Number of protein chains: 2
Amino acid sequence: MAGLKEVAAASGVSIRTVMRALSGQGYIDSQTRERVVTQAQRLGYRPNLAARSLKTARSFDISVVAWSMDELHIAKIAGLEQTLRHAGYAVNVLLESAANTGGDWLENVLLHRPAGVALFSSSQFHNEQALRLLDSKLPYIVFDAPTGPLDSVRIDRQQGVYEAVLYLAATGRRAIAYLGTQADRSRLDGYLRALGQLSRRPIYIEQAEGDQYAAGIAASQRFSELPKAKRPDAVLAYADEVGLGFMAGLHERGIRIPSDVAVIGFDDRRAAALSWPRLTTVAQPSRELGIAAAEILLRKIKGEAEPSTGWSRTMPTKLVLRESA
Amino acid sequence: MAGLKEVAAASGVSIRTVMRALSGQGYIDSQTRERVVTQAQRLGYRPNLAARSLKTARSFDISVVAWSMDELHIAKIAGLEQTLRHAGYAVNVLLESAANTGGDWLENVLLHRPAGVALFSSSQFHNEQALRLLDSKLPYIVFDAPTGPLDSVRIDRQQGVYEAVLYLAATGRRAIAYLGTQADRSRLDGYLRALGQLSRRPIYIEQAEGDQYAAGIAASQRFSELPKAKRPDAVLAYADEVGLGFMAGLHERGIRIPSDVAVIGFDDRRAAALSWPRLTTVAQPSRELGIAAAEILLRKIKGEAEPSTGWSRTMPTKLVLRESA
DNA sequence: GCATATTATGCCAACGTTGGCACATTTGCT
DNA sequence: AGCAAATGTGCCAACGTTGGCATAATATGC
């Protein structure tokens with residue numbers, strides 16, 4: 001309710017002086033400052049952010065754009081929000097699911113003139129869509145963008161899988177299979193790299209399309225049809241959901257985990273810690289990813305240089321050991 | 001980049017006329033309008049929201065405040081966001097976890113002068129905290145507030161549990177136990193109401209404090225120590241996590257689900273659909289809750305009456321049938 | 001005591017939009 | 001033709017903050 005004007009009147013000084021007292025910039029008598037600050041407090045002065053944005057032609061909003069909200073996004077957003085808020089920015093969420101206005105997402109973002117944008121990559125935003133960020137000249141960061149010209153924070157999937165496979169080998173597993181699709185190279189490459197190092201031949205269990213849990217169950221069926229001697233004794237699943245489905249199918253068929261087969265998932269969804277046995281999995285440092293994204297965004301906003309190196313950042317995963325492996 | 005001024009210059013009319021052309025309010029020659037609209041399009045006119053907010057003294061932001069992001073919040077936020085965006089509002093997220101600035105959450109909200117606030121109730125925001133919303137005079141809605149003076153959208157937990165128990169009885173279960181704490185009355189009341197109707201005596205399995213999954217496992221231990229004849233053949237768990245822990249413990253002890261014991265959870269977390277067997281559970285209509293909250297907020301903002309009835313809304317749950325019961 | 005920094009304060013315009021008001025033009029009616 | 005109503009357009013002030021500039025008061029150096 002109270003603006004600079006009211007505070008000025010109450011303290012018997014001009015608006016300009018109130019500004020100086022509150023912003024701490026420029027010369028000001030310390031007694032005057034104290035008097036003004038007291039009055040501001042008493043009157044409950046709150047700067048009008050709209051007026052400030054109008055005048056300074058810059059905003060303190062960051063738009064976070066995602067196709068849909070996913071459990072995996074949340075921790076990232078939390079880290080992002082925390083960091084940005086510390087820096088005085090507010091986080092604005094735009095969910096671009098099909099159900100929404102149908103307007104163009106970027107147009108929607110630009111309308112709000114945010115100081116920056118964070119985009120969650122997904123099949124809907126891949127490249128053609130996301131590349132438009134470059135034209136917009138807005139400071140931006142993309143979560144988990146595919147390799148390309150976009151600045152992005154990513155996790156090292158390849159390395160994550162690599163380490164998981166080595167862990168399985170270290171715990172005495174002889175035949176380690178990869179349950180996934182050929183589409184995602186990074187995970188597959190990690191698997192192949194590890195097997196190469198172990199001088200073993202890869203074993204593929206193809207993941208069916210569609211629902212991942214169902215695909216896991218389907219895979220367990222094919223698995224159980226193998227003669228016992230030829231069954232892998234460890235499976236690295238493309239994602240937690242696949243791994244959980246696979247485990248469910250194994251339970252159904254009386255195959256024991258981890259004694260008969262060890263299973264490792266990927267993502268560390270909450271469900272991985274609530275299954276039986278609890279699923280060992282490769283976790284992303286989600287909160288840290290969010291923080292890293294925020295920091296990049298803030299540096300971009302400040303206009304710090306380093307254009308040559310780009311702003312991408314890849315972070316390591318962490319193997320979360322539970323009972324399934 | 002282009003403002004009303006530029007569009008006005010390009011179309012050879014005054015700013016005021018451009019406004020009329022674009023807002024569609026007041027008299028305007030249709031040819032002029034067309035010309036102006038064309039120019040606006042060509043120049044990529046985007047209204048300056050800050051200027052608008054400043055001038056009209058109202059904003060089109062809604063602050064969503066939560067202590068932390070939770071899987072269960074997301075779907076609600078999605079529904080909320082969708083509805084609010086349709087109405088021209090943007091959703092602003094404030095996470096008030098301990099890690100944050102330490103500033104007062106309400107102060108933070110007020111600083112942004114949102115058109116309204118949606119608060120996710122939690123132990124941190126219970127009553128003393130949330131009641132301050134009333135003083136703020138801001139349009140607000142609380143998700144899942146405890147019974148009290150606050151306008152809120154809630155689910156009918158009592159009825160949800162009631163129906164779940166009746167379902168268990170209908171499928172031939174004779175001894176239906178309640179695994180939970182005495183603290184939460186609504187669920188317990190639903191259980192008691194159902195048992196009363198069935199003329200059966202309640203069976204309690206006390207849920208330990210702390211981690212819910214662990215509490216479920218602990219409960220399964222006590223359960224398995226009962227002589228077989230005295231074991232309940234159905235368990236209604238306070239929450240999915242408890243139920244999942246309970247199931248895990250039963251697996252460990254060779255007790256079969258659902259043949260020996262049926263288990264029903266509460267919440268329909270994602271993990272409930274990824275367990276083995278998949279957990280039957282009481283689901284909240286999350287998206288609809290979000291939409292309902294948004295609608296209430298919008299009506300409050302519009303200043304529609306009905307102060308006598310309040311704005312609370314309770315919505316029914318839905319029993320999601322899976323294999324665990 | 002005077003000139004010159006230094007410190008302290010105030011005035012004013014501007015950001016882009018909006019709404020009140022006034023003016024100009026056209027239409028409809030007697 | 002005359003007058004009122006309806007239609008079309010423009011001017012101007014204001015929202016609260018900010019930054020440039022000017023002025024006033026005090027301190028510093030000779």
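View 1. In chain A, α1 (4-11), α2 (15-23) and α4 (49-56) each put at least two residues into the surface near DNA strand D, and so do α2 (15-23) and α4 (49-56) of chain B. Helices here are DSSP runs of H or I with at least four residues, strands are E runs of at least two, and both are numbered from the N terminus. This is a predicted model, in which local features need pLDDT of at least 70 and side-chain atom pairs count only at pLDDT 80 or more, while totals for chains, interfaces and linings use all residues. Residues are numbered from 1 along each chain as its sequence is written, with chains lettered from A and ligands numbered from 1 in the order in which they are written. Look to α4(A) for the largest share of this surface, five residues. In total, 25 residues surround DNA strand D, and the closest are Gly3(A), Leu4(A), Asn48(A), Ser14(B) and Arg16(B). A residue is near the strand if its C-beta atom, placed from the backbone, lies within 6 Å of it. Sorted by class, this surface holds ten nonpolar, seven polar and eight charged residues. For that sorting, Ala, Val, Leu, Ile, Met, Phe, Trp, Tyr, Cys and Pro are nonpolar, Asp, Glu, Lys and Arg are charged, and the others, Gly among them, are polar.

**View 2. Chains A and B meet through 39 residues from each.** On the chain A side, the elements giving two or more residues are α4, α5 (71-86), β2 (90-95), α6 (105-111) and α11 (240-252). Helix α5(A) gives the most, with eight residues. The chain A side splits into 22 nonpolar, eleven polar and six charged residues. Contact means that two C-beta atoms, placed from the backbone, lie within 7 Å. Strands cross the boundary too: β2(A) and β2 (90-95) of chain B run antiparallel, joined by three bridges. One pair to pick out is Val91(A), whose bridge partner in β2(B) is Val93(B). Two strands count as paired if DSSP finds at least two bridges between them.

**View 3. Six strands of chain A make an open, mixed sheet.** Reading across, the order is β7-β6-β8-β9-β10-β12. The edges belong to β7 (203-206) and β12 (318-320), each with a single partner strand, so one side of each has no neighbour in the sheet. From one strand to the next, the twist averages 25°. At one end of that order, β10 (280-283) and β12(A) run antiparallel, joined by three bridges, and Ala283(A) has Lys318(A) as its bridge partner. Helix α9 (185-198) of chain A packs on the sheet, touching β6 (176-180), β8 (234-237) and β9 (262-267), and its direction makes about 175° with that of β6(A). Axes are lines fitted to C-alpha atoms, for helices over the stretch in contact, and angles run from 0 to 180 degrees between N-to-C directions.

**View 4. Ser97(A) sits in the loop between β2 and α6 of chain A.** With 13 C-beta neighbours inside 10 Å, Ser97(A) counts as partly exposed. The cut-offs: buried takes 20 or more other C-beta atoms within 10 Å of a residue's own, exposed 12 or fewer, and partly exposed is in between, with C-beta atoms placed from the backbone. Leaving out residues up to four places away in sequence, Ser97(A) touches Trp67(A) and Ser68(A).

View 5. Another cis bond joins Trp276(A) and Pro277(A), with omega about -15°, and Pro277(A) is in the loop between β9 and β10. Asp267(A), not a glycine, has a positive phi of about 125°; it lies in strand β9 and counts as buried, with 25 C-beta neighbours inside 10 Å. Lys137(B), also not a glycine, has a positive phi of about 65°. Lys137(B) lies in the loop between α7 (128-136) and β4 (140-143) of chain B and is exposed, with 7 other C-beta atoms within 10 Å.
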